[in-house]
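Open the model in your viewer and keep the sequence beside it. The tour below goes stop by stop, telling you what to select and what is there.

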Amino acid sequence: MSTTNVSSARPELRVLVLHGPNLNLLGKREPGVYGTRDLASIEQELITVGRDLGATIDSRQSNHEGVLIDWIHDAAYPKDPSGSRVDGIVINPGAYTHTSIAIRDAIAATNLPVVEVHLSNVHAREPFRRRSMITPVCVGVIAGFGPHSYALGLRALVGYVRARVSP
Ligand code: DQA
């Protein structure tokens with residue numbers, strides 16, 4: 001007897017993971033603060049975690065605010081007419097966290113669920129890192145768990161999206 005229940009099949013989700021300025025230097029950059037793992041190995045882990053969660057990961061890094069904004073727009077309003085909206089975004093905006101009203105507005109304009117992540121505990125560092133322009137337009141924030149913050153953020157986002165689809 002087949003036990004397959006078609007109605008409970010979980011749909012594959014599409015998640016965009018964005019990394020902001022200087023995160024291309026992970027592994028070399030201030031290892032005492034950000035650790036020794038490079039971005040490629042974090043991206044590999046996210047693909048593996050995504051596979052477990054039923055999510056396809058598209059991971060991108062840019063040092064340029066406008067490029068990050070274009071990717072956020074495209075995730076919600078694809079230029080290619082055959083493209084579809086992603087289901088959510090995990091973003092580490094790097095230093096733009098503390099300065100970028102433009103990235104905040106881009107997220108607000110998309111209506112997509114976004115989880116903000118940071119490797120370091122930004123609240124335990126310099127006072128200027130305690131303020132985030134991005135948090136008010138996000139579902140939540142994960143900070144301080146090193147590279148693991150990304151996988152935690154991805155799990156949180158996928159849980160949030162699935163709960164919204166079938167509470
Ligand atoms: C960071 C924290 C930011 O304050 C900093 O500018 C970064 C990295 C983090 O992941 O801990 O570039 O976002």
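Select R29. Is R29 buried or exposed? R29 counts as buried, because its relative accessibility is 18% and the cut-off for buried is under 20%. Keep in mind that this is a predicted model. R29 sits in the loop between β1 and α1 (31-34). Now show what touches R29. Leaving aside neighbours within four places in sequence, its contacts are P21, N22, L23 and Y34.

Step along to E30. E30 also lies in the loop between β1 and α1. Here the relative accessible area is 44%, so E30 is partly exposed. Check the backbone too. Phi of E30 is near 30°, a positive value in a residue other than glycine.

**Next stop: α2 and α5**

Select residues 39-53 for helix α2 and residues 148-165 for helix α5. The two axes come within 10 Å of each other and cross at roughly 30°. That angle is under 35 degrees, so α2 is roughly parallel to α5. The crossing of α2 past α5 is right-handed.

Which residues of α2 and α5 meet? Show side chains on both helices. From α2, pick I42, E45, L46, V49, G50 and L53. They meet H148, Y150, A151, L154, R155, V158 and R162 of α5. By class, this contact of α2 with α5 holds eight nonpolar, two polar and three charged residues.

Now colour the buried residues of α5. They are S149, Y150, A151, G153, L154, L157, V158, V161 and R162. What covers them? Bring back α2, which is part of the cover.

**Next stop: α3 and α4**

Select residues 65-76 for helix α3 and residues 101-110 for helix α4. A pair of packed helices is described by the angle between the axes and by the distance between them. For α3 and α4 the angle is about 5° and the axes are 9 Å apart. This makes α3 roughly parallel to α4.

On the α3 side, look for E65, L68, I69, I72, H73 and A76. On the α4 side, their partners are A102, I103, A106, I107 and T110. The residues of this contact divide into eight nonpolar, two polar and one charged.

Pick A109, still in helix α4. Is A109 buried, partly exposed or exposed? With a relative accessible area of 45%, A109 is partly exposed. The C-alpha atoms of A109 and C138 are separated by 12 Å, and the two residues lie 29 residues apart along the chain.

Finish on N111. Where is N111 found? N111 is in the loop between α4 and β4. Its relative accessibility is 67%, so N111 counts as exposed. Phi of N111 is near 65°, a positive value in a residue other than glycine.

Technical notes
Residues are numbered from 1 along each chain as its sequence is written. This is a predicted model: local features need pLDDT of at least 70, side-chain atom pairs count only at pLDDT 80 or more; totals for chains, interfaces and linings use all residues. Side-chain values use heavy atoms; hydrogens and water are left out. Axes are lines fitted to C-alpha atoms, for helices over the stretch in contact, and angles run from 0 to 180 degrees between N-to-C directions. Helices (H or I, at least four residues) and strands (E, at least two) are DSSP runs, numbered from the N terminus. Angles under 35 degrees count as roughly parallel, over 145 as roughly antiparallel, 65 to 115 as roughly perpendicular and the rest as oblique. A crossing is left-handed if the near helix is turned anticlockwise from the far one by less than a right angle, and right-handed if clockwise. Contact means heavy atoms within 4.5 Å. Ala, Val, Leu, Ile, Met, Phe, Trp, Tyr, Cys and Pro count as nonpolar, Asp, Glu, Lys and Arg as charged, and the others, Gly among them, as polar. Buried means under 20% relative accessible area, exposed over 50%, partly exposed in between (1.4 Å probe, protein chains only).
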